[in-house]
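Work through the exercises below with the model open. Each task is followed by a stepwise solution.

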Amino acid sequence: MLAYIIRRIFQSIIVLLAVGLVAFSMFRFVGDPIEQLLGQERTVQDVERLREALGLNDPFPVQYATFLGRAATGDFGISYRQSRPVAEIIAERAPATLELAFVSGFLALTVGIGLGVFTAIRRDGWAANAIMSLSLVGVSLPTFLIGILLIYVFGVQLRWLPTFGRGDVVDLGWWTTGFLTTSGLKSLILPSITLGLFQMTLIMRLVRSEMLEVLRQDYIRFARARGLSAKSVNFRHALKNTMVPVITVTGLQLGAIIAFAIITETVFQWPGVGLLFINAVQFVDIPVMAAYLMLISVMFVMINLLVDILYVWVDPRLRIDGRHT
Amino acid sequence: MRSILTVAILAAALPAGAAELRFATTSDPNTLDPNAGNSAPVFSLLGNVYEGLVRRGRGMEIEPALATAWEPIDGGAGWRFTLREGVKFHGGEDFTAEDVLFSYERASSEQSDTSSWFAGVDRVEIVDPTTVEFYTETPNPIFVDGIANWMMMDQGWAETNGAERPNIEQGNFATLNANGTGPYRITERQPGLKTELEAFDGWWGEDRGNVTSVVYTPVQNSATAVAALLSGELDLIEPVPLQDVRRVADADGVDTIQGIEARVIMLGFPHDADALIAGGEGNPFADVRVRQAVAKAINVPAILQTVMRGSAEQATQLIGPGLRGFSEAVGPTEYDPEGAKALLAEAGYGDGFAFSFKCTNDRYLNDEAVCTAINTMLAQVGLKPLFETMPVANYWPALRAEDHDMYLLGWSPGTFDAEHPIRFLLATPDEEAKLGSWNFGGYSNARVDELLPQIQAEIDETARQAMIDELVQITSDEMAYVPLYIQPLVWGVKAGMEVVQRPDNFLVLRWIEMPE
């Protein structure tokens, strides 16, 4: 078991280094940051001075090594665009993204499981069929379009909800939260639906098919034969056994929600790290891009590592195999 | 609980007070340091917070600000400024002649992005507490025009906070904080997210509207900004995408304000190349007839009508009308595809030739669509452009690396004077003399190089204009660039708002009058 985990951690580190290397070698094609930093009246001397000061004249391996050395100590350098430490900027923006991801994930999970169970139990009902057809929209429409549609309907036409931003936030010192103000909560509704819709439909379809599978099993038939109530059969016996694959998918999708918040954040001008990253690409802010990509890959690697460990814990067969190797 | 919630929702839904302004632009200024950024977004915002010795009025004319008067020092040795008395910074400090000297040293320092404004300045002297003299190497008639965005900082404040010099790469206190003498002071600054301003009661001036508090949010996605304007969450957005102009103009409760920017969009040629990067023998663009054929092949009015939706104006030269030194000597090139073909045949390229045509796709309004139209028009006269678009972050490096044949370029003269594009776009490139730094095609004409220093030093307006006219005629005859159009400006505003829109695209908060 321990050997297995250590091996997985070692592999994770290699993955991170590779991501960093790929990211860094791509930055050279993103453009020249100097063009964005200095105005049109700059001189050749200004350009050279700044290039030297930013270390852009160093060869690529030196730049990468410097970045890794600093990143290992938590120092991601200074943003070209904002002239502030990247770690500080990301810490400022992270709460917005994490709160949005949390609400989206929560919505996706509760609504997804609820609708999944419903459509499985009422397999041939008109409501279940309608939900199934509508869920195609969630799977196939691009996030960008869903966001714009929601803004148009609820922001511009009905004027119920704000069209952009995070509303008023409460600063707790180390965290800013939108959960404590009315405008903050209202601002969360549209972006979290936009961001969570895909996962919601995914979980719903997964729960439905798993439920249909389980409901065919013998023990469900026996439970029914025993005269247990439908509620008890459906929720205590059937649903519980569908949860294992759902938890796995949810774990992986949580990473996806955070990583792909970029589009939702851009549409709603949501002040999170995704919006920060889009800006960084536009302005060739290499330190911010590098830090963002590393953090996202650390997150994915961690989630995968946890899932792997969970498998071992859940599935005794893997544990026994692990002991032999 | 329910009643409290209802009250809160009602309060949020009430219209904003007459004196609050909420506005959005696509890009946030990257700094609050007036010497660490040299771009329109920075000066537009900071122009409300800091002030210079002079400023620009509603019609772009130079008017007194922290200097009440100025005059040339005998024979053009420099300029003498008389300072305004009784001016206070937001922090309560007095504005003094020492602050002017400090601000000069800061703005012209090696670390500054604005040092080119003071390129010809020898020394600055404080004569008495209200008089400061600037001595220039040669007479400089447009010195005052060039320093309208040069902002005065308090020496004590900068020194106390360790911001004596701008720091572009690391940032310092002045990156996030500001202490000017202007009509608004910054009360909150979250870079890239939100900036709040509030009227400064101690301002010396009187010409101001009713806006007392301002919330500025950058909104990158213009569809989102338009939605927020339509829903009443924003009072002003800049820009309105051209395809949404009709929708915004027709909607209730909002209006558009349209004008032209001081930015001319043009095509550039590879004048000094031996061969084209697209391959083939020699450089056909070295022949003036080929360049003229390109100009005749492009139907600028049609592009303006379709791609720009009728909101831009055709350009005749590298600056727009209304700027200082605009020349009446030349008119627009007429669309004449037959003439273009005839010229090409005469030059020996009757069958056309292949060349690279590069464009930006995120720098100017509808740049990619404009270039697509131009690409088609050039093909119609038999030319074979290899059309390619790219983001501006890759575009400038490609042009600087001489990896271009024909290319698109937009130019907005910082001094609002005809001399500016001559210095940057037409003068023969010379790193030492800091000339022609954006003349990617290497255009070179001895007479142009000879006229430039004379234009720079000529005090007499009539003589100066005669030289500019001559130069514009030469570069137009030689078709150094093909001037296409002057970029439009479209703002979306809440109905009933009074706003002044200048061709520099600056938002001057003190001229805004919100409806009751």
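Buried means under 20% relative accessible area, exposed means over 50%, and partly exposed covers the range in between. The model is predicted.

**Exercise 1. Classify the two partners of the salt bridge between B:Glu346 and B:Arg289, and place each in its element.**

Step 1. Start with the contact. The side chains of B:Glu346 and B:Arg289 form a salt bridge, with N to O at 3.6 Å.

Step 2. Locate the partners. B:Glu346 belongs to helix 11 (residues 337–346) of chain B and B:Arg289 to helix 9 (residues 288–297) of chain B, so the bridge ties together parts 57 residues apart in sequence.

Step 3. Apply the cut-offs. B:Glu346 has 52% relative accessibility, so B:Glu346 counts as exposed. B:Arg289 has a relative accessible area of 27%, so B:Arg289 is partly exposed.

**Exercise 2. Trace the salt bridge between B:Arg464 and B:Asp417, and find the network around it.**

Step 1. Take the distance. The closest N and O atoms of B:Arg464 and B:Asp417 are 2.9 Å apart.

Step 2. Find the elements. B:Arg464 sits in helix 16 (residues 461–477) of chain B, and B:Asp417 in the loop between strand 16 (406–411) and helix 14 (419–426) of chain B, so the pair links parts 47 residues apart in sequence.

Step 3. Check burial. B:Arg464 has a relative accessible area of 2%, so B:Arg464 is buried. B:Asp417 is at 0% relative accessibility and is therefore buried.

Step 4. Through shared partners, salt bridges join B:Asp145, B:Arg324, B:Asp417, B:Glu461 and B:Arg464.

**Exercise 3. Which residues of helix 14 of chain B are buried, and what do they pack against?**

Step 1. Count. Of the 8 residues in helix 14 of chain B, 8 are buried.

Step 2. Name them. The buried residues are B:Glu419, B:His420, B:Pro421, B:Ile422, B:Arg423, B:Phe424, B:Leu425 and B:Leu426.

Step 3. List the packing partners. In chain B, these residues pack against strand 12 (254–268), strand 16, helix 15 (446–457), helix 16 and strand 17 (481–494).

**Exercise 4. What surrounds B:Glu51, leaving aside residues up to four places away in sequence?**

Step 1. B:Glu51 lies in the loop between helix 2 (40–46) and strand 2 (54–56) of chain B.

Step 2. Look for a charged partner. B:Glu51 is buried but has no salt bridge. The nearest side chain of opposite charge is B:Arg55, 4.0 Å away.

Step 3. Complete the surroundings. Beyond four places in sequence, B:Glu51 touches B:Leu66, B:Trp150, B:Met151, B:Met152, B:Thr181, B:Gly182, B:Pro183, B:Trp203 and B:Trp204.

**Exercise 5. Describe chain A, then inspect A:Asp32 and A:Ser192.**

Step 1. Take the overview. Chain A has 14 helices and 2 strands. Its C-alpha trace spans about 85 × 65 × 35 Å along the principal axes. Of its 325 residues, 47% are buried.

Step 2. Find the salt bridge. The side chains of A:Asp32 and A:Arg51 meet at 2.6 Å, N to O. A:Asp32 is in the loop between helix 1 (2–27) and helix 2 (33–37) of chain A, and A:Arg51 is in helix 3 (residues 44–53) of chain A, so the bridge connects parts 19 residues apart in sequence.

Step 3. Check burial. A:Asp32 is buried at 13% relative accessibility, and A:Arg51 is buried at 18%.

Step 4. Turn to A:Ser192. A:Ser192 lies in helix 8 (residues 182–215) of chain A. A:Ser192 is buried, with a relative accessible area of 2%. Leaving aside neighbours within four places in sequence, A:Ser192 contacts A:Leu100, A:Val103, A:Ser104 and A:Leu107.

Notes:
Residues numbered from 1 in each chain as written. Chains lettered and ligands numbered in written order. Predicted model: local features only at pLDDT ≥ 70, side-chain atom pairs only at ≥ 80, totals over all residues. Heavy atoms only, no water. Helix = DSSP H or I, 4+ residues; strand = E, 2+ residues; numbered from the N terminus. Buried < 20%, exposed > 50% of the residue type's maximum accessible area, 1.4 Å probe, protein only. Lys, Arg positive; Asp, Glu negative; His and termini not counted. Contact = heavy atoms within 4.5 Å.
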